[in-house]
Amino acid sequence: MRRMSDPLRDRIERYYATVPLLFADAEDFGPLRLFVRKEPGAPYYGGPSHAQPTGAASVGAADIALVRARQRELGVPEAFEWLAESAPALSARIEAAGLLVLRRPLMVLPPHHPLPPQPLPDGVTLRALTADDPVLPAALALPRLAFAKEPLGKEPLAAEPGPAAGPADRAELSRLAEALTGDGTVAAVRPTIRAGHKTLVAALAADGTPLATGHYHPANATTEIGGVGTLPSARRQGLAAAVTAALVAHARAQGVETIFLAYAEETVARIYARLGFRPAGTTLLIADQPARS
């Protein structure tokens, strides 16, 4: 894998330091920083403080313990994320604290690489959802179902053929959508979509049920594509590739120049490689972080 250029690494590192601040407050613990959600939603993580870019080398066990104690107080996972190249010694210190560190290689799409729309099964359409879209609650719930039974990014064979959600998926999706509406998550997301901080694309069955979704959050002409997931009963139909291509097209139309993503499985990396993504030469390290959706 070739080494990531310093300007590209800096853009990605700056992106990870900036995007959470759209939705979270930052609390500093010496050389570490913890992002704390302002509204309901997936919790954020701790990592090296970008206010002190040289401080990561001085992270000690006491610093890590302080962040974990604050996370326990907040009732969120004791999660950390950082770029391997930006803090190469931090992985050993996090593991010494008893946390499992996972590697997520990054891939980037060359700025001028053409990525045309990908084929869709008959009856399936793609849509960038608005804040008031009636599909929004189910679309926000879909990643929880898509990643619940399999490792992140792994897609087993479809449970039944054809571009439709299976009965079990449909019932669970409805239940999760109601839960996210009830706990305020859907209401918290609507303003971020209206403001352009989040774009959510869904592949929809003929009856409007979301079969696959993905999203991006732009900042400083850079974005990570994330949360690309497919209902278990709708897999192996190219929906993830179609959603990814639609997200790229939408982001480029908004002036985004650097588009990257992280992956967990080589089979998923091959899908992204076919779309034109290339290894970025660095790795995102995740310690006890839930599925990134």
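How many of the 293 residues in the protein chain are buried? Buried residues make up 50% of the chain, where buried means under 20% relative accessible area, exposed means over 50%, and partly exposed lies in between, with a 1.4 Å probe and protein chains only. The model is predicted, and local features need pLDDT of at least 70, side-chain atom pairs count only at pLDDT 80 or more, and totals for chains, interfaces and linings use all residues. Residues are numbered from 1 along each chain as its sequence is written, and side-chain values use heavy atoms, with hydrogens and water left out.

The chain holds 8 helices and 11 strands. Helices (H or I, at least four residues) and strands (E, at least two) are DSSP runs, numbered from the N terminus. Among contacts with a separation of 6 or more, 73% join residues 24 or more positions apart; contact means heavy atoms within 4.5 Å.

Helix H1 covers residues 6-18. Its 13 residues reach 18 Å from the first C-alpha to the last, close to the 18 Å expected at 1.5 Å a residue; the expected span is 1.5 Å times one less than the number of residues. The buried residues of H1 are Leu8, Arg9, Ile12, Glu13, Tyr15, Tyr16 and Ala17. They pack against strands S2 (32-37), S4 (80-83), S5 (101-109), S9 (222-230), S10 (258-262) and S11 (278-287).

Strand S11 also contains Thr283, which is buried at a relative accessible area of 8%. Leaving aside neighbours within four places in sequence, Thr283 is in contact with Trp82, Leu83, Ala84, Arg103, Arg104 and Pro105. Glu85 sits in the loop between S4 and helix H3 (90-96) and is partly exposed, at 25% relative accessibility. Glu85 and Thr282 are 197 residues apart in sequence, yet their C-alpha atoms are 6.5 Å apart in space.

Helix H2 (residues 61-74) is the place of Gln71, a residue that counts as buried at 0% relative accessibility. Phe35 is 36 residues from Gln71 along the chain, with 9.8 Å between the two C-alpha atoms.

The nonpolar interior comes next. A nonpolar core is a set of buried Ala, Val, Leu, Ile, Met, Phe, Trp, Tyr and Cys residues joined through side-chain atoms within 4.5 Å. The largest such core has 53 residues, and Tyr272 and Phe277 touch the most other members. Beyond its neighbours within four places in sequence, Tyr272 is in contact with Met107, Val228, Thr244, Leu261 and Phe277. Another core, of 19 residues, lies apart from the largest one, and Tyr45, Leu106, Phe260 and Leu284 are among its members.

How are helices H4 and H6 arranged? H4 (residues 136-146) and H6 (residues 185-194) pack at an angle of about 105 degrees, with their axes 11 Å apart. Axes are lines fitted to C-alpha atoms, for helices over the stretch in contact, and angles run from 0 to 180 degrees between N-to-C directions. H4 is therefore roughly perpendicular to H6, given that angles under 35 degrees count as roughly parallel, over 145 as roughly antiparallel, 65 to 115 as roughly perpendicular and the rest as oblique. On the H4 side, Leu136, Pro137 and Leu140 meet Val186, Val189, Arg190 and Ile193 of H6. The residues of this contact divide into 6 nonpolar, no polar and 1 charged, where Ala, Val, Leu, Ile, Met, Phe, Trp, Tyr, Cys and Pro count as nonpolar, Asp, Glu, Lys and Arg as charged, and the others, Gly among them, as polar.

Thr199 lies in strand S7 (residues 199-204) and is buried, with a relative accessible area of 10%. Apart from residues up to four places away in sequence, Thr199 touches Gly214, His215, Tyr216, Leu247 and His250.

Most residues other than glycine have a negative phi. Ala221, not a glycine, has a positive phi of about 60 degrees; this residue lies in the loop between strand S8 (210-216) and S9 and is partly exposed, at 30% relative accessible area. Arg236, also not a glycine, has a positive phi of about 65 degrees. Arg236 is in the loop between S9 and helix H7 (239-253) and counts as exposed at 55% relative accessibility.
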